[in-house]
Amino acid sequence: MHADLRLADAGAFRKFRGGYRLVRTQAFRIVLIYVLLFAVSVTALLGFTYWNTRRTMDAQADQIIQAEITGLSEQYQGRGWQSLYQIITERSLHGGSALYMLADGEHRRLTGNLTVWPSVTADPGNYVEFDYERPVGNGLETRRARGQILRLEGDNFYLLVAEDVQARETNQHLFTITLPWTVALIVLLGFGGGLLMSQNMLRRLDAINRTSGEIIAGDLTRRVPVTGSADEFDVLAENLNRMLDRIERLMKGLREVTDSVAHDLRTPLNRLRNRLEESLARLAAQGGSASEIERAIAETDKLIATFNALLQIAETDAGAGRAQMTLLELNSVASDVAELYEPLAEEKGISFRMVSGSGAQIEGNRSLVAQALANLVDNAIKYTPPGGKVTMAVTQSADGVVLSVADTGPGIPAEDRSRVVERFVRLEASRNSPGTGLGLSLVAAVAHYHGTQLVLSDNAPGLKASLTFPRVSKVVPIRPAMKSAAE
Amino acid sequence: MRILVVEDDIEAQRYLVQGLKESGHVVDEAADGDLGLSLALSRPYDIAIVDRMLPKLDGLHVVAEMREHGNTIPVLFLSALSEVDDRVKGLKAGGDDYLTKPYAFVELLARIDALMRRRTPAGIKTQLQVGDLELDLLTRAATRSGQEIELQPREFRLLEYLMRHAGQVVTRTMLLESVWEYHFDPQTNVIDVHISRLRAKIDKGFELPLLHTVRGAGYMIRAAAA
């Protein structure tokens, strides 16, 4: 029940994370920037069009007004105001967009198709804009007009000549309504398109990432899928696949070399050891002293141990046996090793302690982790003087599960710490202790194999060696062991 | 005991055959996989020692074919290959044990003895006895001369393995592989310390020691002095 709930939660979480991931993709960001730029451009373009239209319309109206005024002025100057009065009265009857009003010194209407003198200050020579009312159906409608006022000095009259510019106002109204909707639509469509585009891109990239993951996990036969569309992703996939072919070939070659080196060296070593054993048996049968031969056998065994250790480091470095990665409970691996070494520590008068932590599941190769740990504990016990302490611990850190072995021995000076991990490096002080000098190198190789590192630090006093394994989430299903069984 | 040795390295073959004959076994030899397989299928052997890499027919295939033909004799693989995956492959192909070259002859002999013992089980035992030392596998209790001995779980498994192979040499590597399930060589001989602890528990205070060290080979538990 509980596990089910957790699984469901994890599913929802992943889904949410999925959406979040989509927004975080490069493609989506590019689309977003593009949409924003486009929206700004469209706004600017529409704004310019509007401004230009308005300007043109005003200019047209001004031209008409100017022509009217010129004509009417000529009439007035040539034939006097009566003729003007007559013309205006006549023109007022025609209707249309032209508006006139002739008024006396107190702005009272004398004639024209406007009924009320607009409440604008007379500013001869300049254009004024004002609202006026016009009958439509049963009522009145307010419309916008633009015109000029002329003062006929001699007779103390005012003449207003104007043009209806309501069309311009309607245009502006339409524009202010349309613009936000247009921009909203562009942003919405762009956003949706961006999501689709980045989803598509993500799908292609996910395929590449999945394949890389499987290859890192040890399956070198995997290849990135090619869709056949010959687009840039296909080119990338093909290049990656070519690279993988090459890596696979190199790895295979390396394995073949390791195998033949192993075979070609083990066969003569085997004969050598056999012969020594035969000589030993023969000498023993004759009752002679065989200590020389026994020493030779011991040396041969040391040679074999070193050779085996080197070979194993090479193989571990090459990632052989990746198929044997399983879900490991680090506490149980550690306590098994602790149990193996505890009597040895006790015999040497060293207090040995194992501290286990909770939730210490990792993905790993049990045998290799155990061997690495055994090497660390072996070293710790070897270099810690009687009365000292060796502590093995499984703890949690921000980066993962930490497996550490700390001792109270002489430690390793900071400047030598990175060096001792290299193959065959043994510090002067330890040159006479037994061992191949490859113990820490193997631990380092095992660390690399698990995607982590061997870190040596000061235990003040002594040495602390630790490996931090990536944590395995409990909701992740255990990878079926079928694959390794089918191999 | 009749032993089949399939080994292509003539020098190694000669040594193996001679050593096994000196140990009192009857030995047939084959230098390639084809001959090895036809011998294994046509004559009754108690055990086969097969090299992993053989001309004509690979060692893995020889054993797989044997198993396919219903031949169930114990098979010990010898291999000069590097180790990580090969042990698993060998055991999957039907091998019962796996020894990497170069090996000590005592190690080979001890493993052959252990494989033969496994082949002749005297029913399902619930009680093991060596002299006056008794081990009850059901109640997980150990007694010597009726005196109860307290054992840690691993000490129990160690004693059980030794007693199942009573009278036989058991090497350190065999103990590490069977009791601890580790297939690597610890740099220090930790097994010796475990044995001396166990010895203190089962032999201390008794006149006749049961757990013996076999020099240059390993350990043996037996009732009477040989």
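Residues are numbered from 1 along each chain as its sequence is written, and chains are lettered from A, with ligands numbered from 1, in the order in which they are written. Because the model is predicted, local features need pLDDT of at least 70 and side-chain atom pairs count only at pLDDT 80 or more, while totals for chains, interfaces and linings use all residues.

Chain B contains eight helices and twelve strands, where helices (H or I, at least four residues) and strands (E, at least two) are DSSP runs numbered from the N terminus. Of the 226 residues in chain B, 39% are buried; a residue is buried if 20 or more other C-beta atoms lie within 10 Å of its own, exposed if 12 or fewer, and partly exposed in between, with C-beta atoms placed from the backbone. Among contacts in chain B between residues at least 6 apart in sequence, 57% join residues at least 24 apart. Two residues are in contact if their C-beta atoms, placed from the backbone, lie within 7 Å.

Strands of a sheet pair through backbone hydrogen bonds, either parallel or antiparallel. Two strands are taken as paired if DSSP finds at least two bridges between them. In chain B, five strands form an open sheet with parallel pairing, in the order 2-1-3-4-5. Strand 2 (26-30) and strand 5 (97-100) of chain B each have a single partner strand and stand at the edges, so one side of each is left without a neighbour in the sheet. On average, and with direction ignored, neighbouring strands of this sheet are turned by 20° against each other.

Helix 1 (residues 10-22) of chain B lies across strand 1 (2-6), strand 2 and strand 3 of chain B and runs at about 165° to strand 2 of chain B. Helix 3 (residues 59-68) of chain B lies across strand 1, strand 3 and strand 4 of chain B, at about 150° to strand 3 of chain B. Axes are lines fitted to C-alpha atoms, for helices over the stretch in contact, and angles run from 0 to 180 degrees between N-to-C directions.

Another open sheet of chain B consists of three strands in the order 10-12-11, with antiparallel pairing. Strand 10 (170-171) and strand 11 (211-214) of chain B stand at its edges, each with a single partner strand, so one side of each is left without a neighbour in the sheet. Strand 10 of chain B is joined to strand 12 (residues 218-221) of chain B by two bridges, and Thr171(B) is the bridge partner of Gly218(B) in strand 12 of chain B.

Helix 6 (residues 153-164) and helix 7 (residues 172-179) of chain B pack at an angle of about 125°, with their axes 10 Å apart. The contact involves Arg154(B), Arg157(B), Leu158(B) and Tyr161(B) of helix 6 of chain B, and Leu175(B), Ser178(B) and Val179(B) of helix 7 of chain B. In the loop between helix 7 and helix 8 (190-202) of chain B, Glu181(B) has a phi near 60°, a positive value in a residue other than glycine. Glu181(B) counts as exposed, with 11 C-beta neighbours inside 10 Å. A cis peptide bond, with omega about -10°, joins Lys101(B) and Pro102(B); Pro102(B) is placed in the loop between strand 5 and helix 5 (105-119) of chain B.

Between the chains, 35 residues of chain A are in contact with 27 residues of chain B. Helix 4 (232-286), helix 5 (291-317), helix 6 (330-347) and helix 7 (366-383) of chain A each supply at least two residues of the side of chain A that touches chain B. The largest share of that side, 13 residues, comes from helix 4 of chain A.

In chain A, strand 11 (residues 454-458) and strand 12 (residues 463-469) run antiparallel and are joined by five bridges. These strands of chain A form a hairpin with four residues between them. In the turn, Ala460(A) has a positive phi of about 40° and is exposed, with 10 other C-beta atoms within 10 Å. The peptide bond from Ala460(A) to Pro461(A) is cis, with omega near 0°.
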